[in-house]
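Subject: Handing over the structure

Hi,

Here is the structure I said I would pass on to you.

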Amino acid sequence: MKNLCQKFDVRATLPPKLGKPTWKVLFPPRLWFPAWTCEEKKFKAKCGGSERWIESAGKSAFGFGVSAALLCSVFSHSPAALAESLTVAFPVSRAPEVNAVQRTLVEAWGLIRETFVDPTFNHQDWDLKLQQTMVEMFPLNSADAAYTKIRGMLSTLGDPFTRIISPKEYQGFRIGSEGNLQGVGLFINVEPRTGHLIVLSCIDGSPAARAGIHQGDELIEINGERLDGIDSETAAQRLRGNAGTTVTVKVHHVKDSGTGSCIREVKLPRELIKLSPISSAIIPHRSPDGNLTKTGYVKLSAFSQTAAEDMRNAIQELENQGVHSYILDLRNNPGGLVKAGLDVAQMWLDGDETLVNTIDRDGNMLPINMVNGHAITHDPLVVIVNEGSASASEILAGALHDNGRAILVGRKTFGKGKIQVLLFVYIVYI
């Protein structure tokens, strides 16, 4: 009878200068997962055949996957949690593609176990949850079905922002963060209190904007399939597609007056959409004493990889044109790369100011500070926000307001209150 068990050697994935994993042999060769103490903030990782450095905003993080999956997690750096050793043994699937996802499951589970911000894991036995998920995954025949089991495991944490992104989905994720996509131009997110998929904003001139879809609309169906329990990334994946194809969405719209609502179905063409996160203009006006003055207006629509560089160029161009004050518009900015938000904040602030305080799973406050900041300009600044301003937008607005750099005006923001970290799940095995 063929042995269904095999040994996973993850020693090749250890970051440099980390202690050797603790091994404990329980049975003949099976699936082994070691735990180690991680104190390095930067380490080398192989991703998609190339090597690059991964750094996580001053916090330690590790983990990789043969299929280059991505884990988005609300996490905490707690040395006590990272010091424990662990061994896990399970039979391995006969299906090679499921076998690969099993490895990703174990690594993702371990990352959550050691770094997730809630040490109770939503009041459940997280070790038992791995066993249950592995048993459910064992008889499956496809990677897609296996990833569904990982999503199910992560959903029990009760946090909509902790999720696994499969290799297929990761391509779409990269497109969004790098500034170009093929889709309909919608920014969506899960409303934490209701679990509904809500439109945060539409890109100006996009198919969604032309069809009259508005901020605050609830997305109910995509191509006739209900979205109950679907996370925002899965829904976004269904909306994306090759330019020239179409997608049908059903939305629930509540009128601004609050006097009624309607549900409508819209057929949207997919198009190539370039995400230009920055637009700017000069607003000439007269000061109270009658002198002509200029205010620089900067609209930041998303925190993509180019956001910080584009912001720097926009401020410098406005400075060259002699503006005397600034308006930074973050309305309907759903966030994006938190590092981009921190980089933008440092363009307006001097010194070693605290940009944001985080609280770890043990209740310890961990500030993220600037290092030797030098503001591009010290002209007066007003920041505009609304209920569509989320995540990195809220961090940036809070940093500028709390450090006395900007006046904050507008409406109450989305209220995410959590910072995610992206972790590649990439296992080298023999």
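What follows is a short tour of what was found.

A word on the ground rules. This is a predicted model, so local features need pLDDT of at least 70 and side-chain atom pairs count only at pLDDT 80 or more, while totals for chains, interfaces and linings use all residues. Residues are numbered from 1 along each chain as its sequence is written, and side-chain values use heavy atoms, with hydrogens and water left out.

**The overall picture**

The protein chain has 10 helices and 20 strands. Of its 430 residues, 49% count as buried. Buried means under 20% relative accessible area, exposed means over 50%, and partly exposed is in between (1.4 Å probe, protein chains only). If you take the contacts with a separation of 6 or more, 68% of them are between residues 24 or more positions apart. A contact here means heavy atoms within 4.5 Å.

Start with α3, which runs over residues 126-137. It has 12 residues and reaches 16 Å from its first C-alpha to its last, close to the 16 Å expected at 1.5 Å a residue. That expected span is 1.5 Å times one less than the number of residues. Which residues of α3 are buried? They are Trp126, Lys129, Leu130, Thr133, Met134 and Met137. These cover an arc of only 130° around the axis, so they sit on the same side of α3. (The arc is that of the directions from the helix axis to the C-beta atoms.) Among the elements covering them are α2 (96-115) and α4 (143-155).

Now go to α8, residues 307-320. This helix has 14 residues and reaches 20 Å between its first and last C-alpha, close to the 20 Å expected. Its buried residues are Ala307, Ala308, Met311, Ala314, Ile315 and Leu318. Why are they on the same side of α8? Because they cover an arc of only 125° around the axis. The face turned away from that buried side carries the exposed residues Glu309 and Asn320. The cover over the buried residues of α8 includes β13 (278-286), β14 (292-300), β15 (325-329) and α9 (338-345). Just after α8, glycine 322 takes a positive phi of about 75°.

**Salt bridges**

How many salt bridges does the structure hold? There are 13, where a salt bridge is a side-chain nitrogen of Lys or Arg within 4 Å of a carboxyl oxygen of Asp or Glu. Here are three of them.

- Glutamate 191 pairs with arginine 193, and their closest N and O atoms are 2.6 Å apart. Glutamate 191 is in the loop between β6 (186-190) and β7 (197-202). It counts as buried at 12% relative accessibility, whereas arginine 193 counts as exposed at 70%. Leaving aside neighbours within four places in sequence, glutamate 191 is in contact with His196, Ile198 and Phe414.
- Lysine 299 meets aspartate 329 at 3.9 Å, N to O. This pair links distant parts of the chain, with lysine 299 in strand β14 and aspartate 329 in strand β15, 30 residues apart. Lysine 299 is buried at 19%, and aspartate 329 is buried at 1%. Lys299 and Asp329 are also linked with Arg331 in a network of salt bridges.
- Lysine 339 pairs with aspartate 343, with 3.1 Å between the closest N and O atoms. The two are 4 residues apart in helix α9, so about one helical turn separates them. Lysine 339 is exposed at 56%, while aspartate 343 is partly exposed at 26%.

**Cysteines**

A disulfide is a covalent bond between the sulfur atoms of two cysteines. With the rule of two cysteine sulfur atoms within 2.5 Å, the count comes to 0 disulfides. If you want to find some cysteines anyway, cysteine 202 is buried at 18% relative accessibility, and cysteine 262 is partly exposed at 32%.

Cheers
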